[in-house]
Amino acid sequence: MTATRTQTDARTITDAQATQLLVDLVSTPSLSMHEHACAALLTARMSALGLESFIDASGSAVGVRGDRSPDATEIVLLGHIDTVPGVVPVRMEGDVFYGRGSVDAKGPLAAFTIAAGRAALPPGVRVRVIGAVEEESATSKGARFAATNYRADACIIGEPSGVEGVTLGYKGRLIARLDLETDSSHSAGPEATAAELAFEVWSRVRAACEARTAGSNRIFDQVQTRLRSIHSDHDGLADRAVLTIGFRIPPGVLPTELEAICAEATSNIGARSNWHFVGHEVAHVADRSNVVVRALMGAIRSETSVGREQLPQHSPTPNPRLHRGGGFGMTPTPKLKTGTSDMNVIGPIWNCPIAAYGPGDSSLDHTPNEHIRISEYLASIRILTRAIEAIAGDLL
Amino acid sequence: MSATPTTATACTCPECEANVPFARRPLQGEVVRCPDCSAELEVTALDPITLELAPEVQEDWGE
């Protein structure tokens with residue numbers, strides 16, 4: 001079956017339309033669990049750009065273009081449409097566009113949408129863009145729905161790797177909450193307070209986690225622990241403390257191992273204790289030779305139209321060894337991230353070639369200074385368009 | 001620095017000049033490891049097969 005386009009020739013999508021899509025998405029608030037208005041906007045724009053679009057049962061915006069036969073090769077571009085809280089006034093200052101979600105992750109999602117509309121798709125291939133809901137909450141509702149209701153032969157996750165970066169993997173995660181209670185005692189006496197016991201538990205957990213991955217040089221390979229909060233109180237009868245610990249988990253370590261470490265830390269603490277665990281995610285790392293990574297790396301190298309003065313300051317110095325063919329191509333940089341993304345949800349289930357890509361500096365995620373360079377955003381669209389076409393050609 | 005291609009199923013490591021064999025024809029952009037020095041090498045051309053040092057993987061925080 002040959003791909004069809006429902007509107008005007010989608011490959012004529014202009015940079016002005018691409019920029020307007022980003023501006024409009026960022027201008028439409030979409031806190032986690034409150035994404036509907038933005039999802040409706042995105043599906044309307046998808047239809048106008050030549051994608052068949054709908055809002056699925058999870059609330060995610062979905063657009064499809066290309067061969068609709070059941071056995072067609074499917075390339076999924078999975079971004080997220082929700083943002084964290086915090087109003088960042090929307091404004092354009094020259095090439096720089098400010099607004100909540102401009103980097104994390106409406107920039108990558110808008111780039112996915114435009115690239116899906118522009119890419120030349122051969123018969124037998126379709127591309128599906130998903131603007132998933134609730135990525136910024138521990139539920140990952142949109143990605144979990146997608147994992148079991150769609151399939152993929154190749155997948156790009158939409159997160160800010162930077163225009164020259166390709167993210168190969170993310171660490172896993174676990175969030176642990178401890179409720180600890182002991183009988184009140186006189187503060188002049190020898191009994192430890194609940195606050196002191198809670199801190200002792202934290203020290204034990206941290207030491208055990210450091211020992212679990214001792215000898216690992218890269219942070220990516222270590223169990224990272226973070227004391228996220230500690231509160232204590234007493235009412236004259238009981239001393240109480242509440243502790244929240246965040247774990248970032250490397251490949252080879254399961255969340256259940258960390259649950260066991262926590263249980264061991266309170267086994268003889270001398271107080272009533274109860275652990276509650278949420279946000280279980282296992283680390284996921286892609287094969288760096290897979291078709292998606294190779295396509296993105298090649299597409300980055302062939303991108304020459306953005307001068308280096310326009311790139312973010314964190315971009316590495318051009319390396320002549322990597323600028324093959326004599327052009328002024330960008331320098332692709334494979335990355336491993338210590339955070340988590342929907343790759344952790346999708347990757348183990350779809351088990352297909354995968355990588356994460358998107359414009360923007362991830363150090364601006366969740367900050368009051370969140371912004372993206374339009375020139376970088378437009379370059380990422382050209383890179384994604386070429387990568388989609390290369391993946392399609394490789395998979396057929 | 002790039003490696004000197006040898007045969008269709010082998011190439012020279014640009015780092016240590018050891019022989020890097022291929023069990024099958026490699027893919028453009030594929031990353032392989034030198035059996036001698038463990039350097040990660042990227043296939044940058046197929047005809048003839050050419051290897052260059054692969055870009056180093058960087059660590060980054062965030063999503």
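In this predicted model, Ala105(A) sits in the loop between β5 (96–98) and α3 (106–118) of chain A, where helices (H or I, at least four residues) and strands (E, at least two) are DSSP runs numbered from the N terminus. The peptide bond that leads from Asp104(A) to Ala105(A) is cis, with omega near -5°.

Residues are numbered from 1 along each chain as its sequence is written, and chains are lettered from A and ligands numbered from 1 in the order in which they are written. Local features need pLDDT of at least 70 and side-chain atom pairs count only at pLDDT 80 or more, while totals for chains, interfaces and linings use all residues, and side-chain values use heavy atoms, with hydrogens and water left out.

**Other backbone points**

- A cis peptide bond also joins Asp47(B) and Pro48(B), with omega about 0°, and Pro48(B) is found in the loop between β5 and β6 of chain B.
- Ser140(A) is not a glycine, yet its phi is positive, at about 45°, and this residue lies in the loop between β6 (125–132) and α4 (141–149) of chain A.

**Where chain B meets chain A**

- The contact (heavy atoms within 4.5 Å) brings together 21 residues of chain B and 32 residues of chain A.
- The size of an interface is often given as the accessible area lost when the parts come together.
- Between chain B and chain A the buried area (the accessible area, with a 1.4 Å probe, that two parts lose on being put together, summed over both) is about 2,200 Å², and carbon and sulfur atoms give 46% of this.
- On the side of chain B, the residues that lose the most area to chain A are Glu59(B), Asp60(B) and Glu63(B), which together account for 36% of what that side buries.
- Four salt bridges (a side-chain nitrogen of Lys or Arg within 4 Å of a carboxyl oxygen of Asp or Glu) are found across this interface of chain B and chain A.
- A salt bridge links the side chains of Arg301(A) and Glu42(B), at 2.9 Å from N to O.
- Strand β14 (residues 333–337) of chain A runs parallel to β7(B) and is joined to that strand by three bridges, where two strands pair if DSSP finds at least two bridges between them.
- Within β7(B), Glu59(B) is the bridge partner of Leu336(A).

- Chain A is divided into domain 1 (10–170 + 284–395) and domain 2 (172–281), with bounds that come from an automatic or database domain assignment.
- The centres of domain 1 of chain A and domain 2 of chain A, taken over C-alpha atoms, are separated by 37 Å, and the contact takes 13 residues from domain 1 of chain A and 10 residues from domain 2 of chain A.
- Domain 1 of chain A and domain 2 of chain A bury about 860 Å² between them, with 59% of it on carbon and sulfur atoms.
- Leu336(A), Thr338(A) and Thr340(A) supply 50% of the area that domain 1 of chain A buries against domain 2 of chain A, which is more than any other three residues.
- The count between domain 1 of chain A and domain 2 of chain A is one salt bridge.
- Glu281(A) forms a salt bridge with Arg144(A), in which the closest N and O atoms are 2.7 Å apart.
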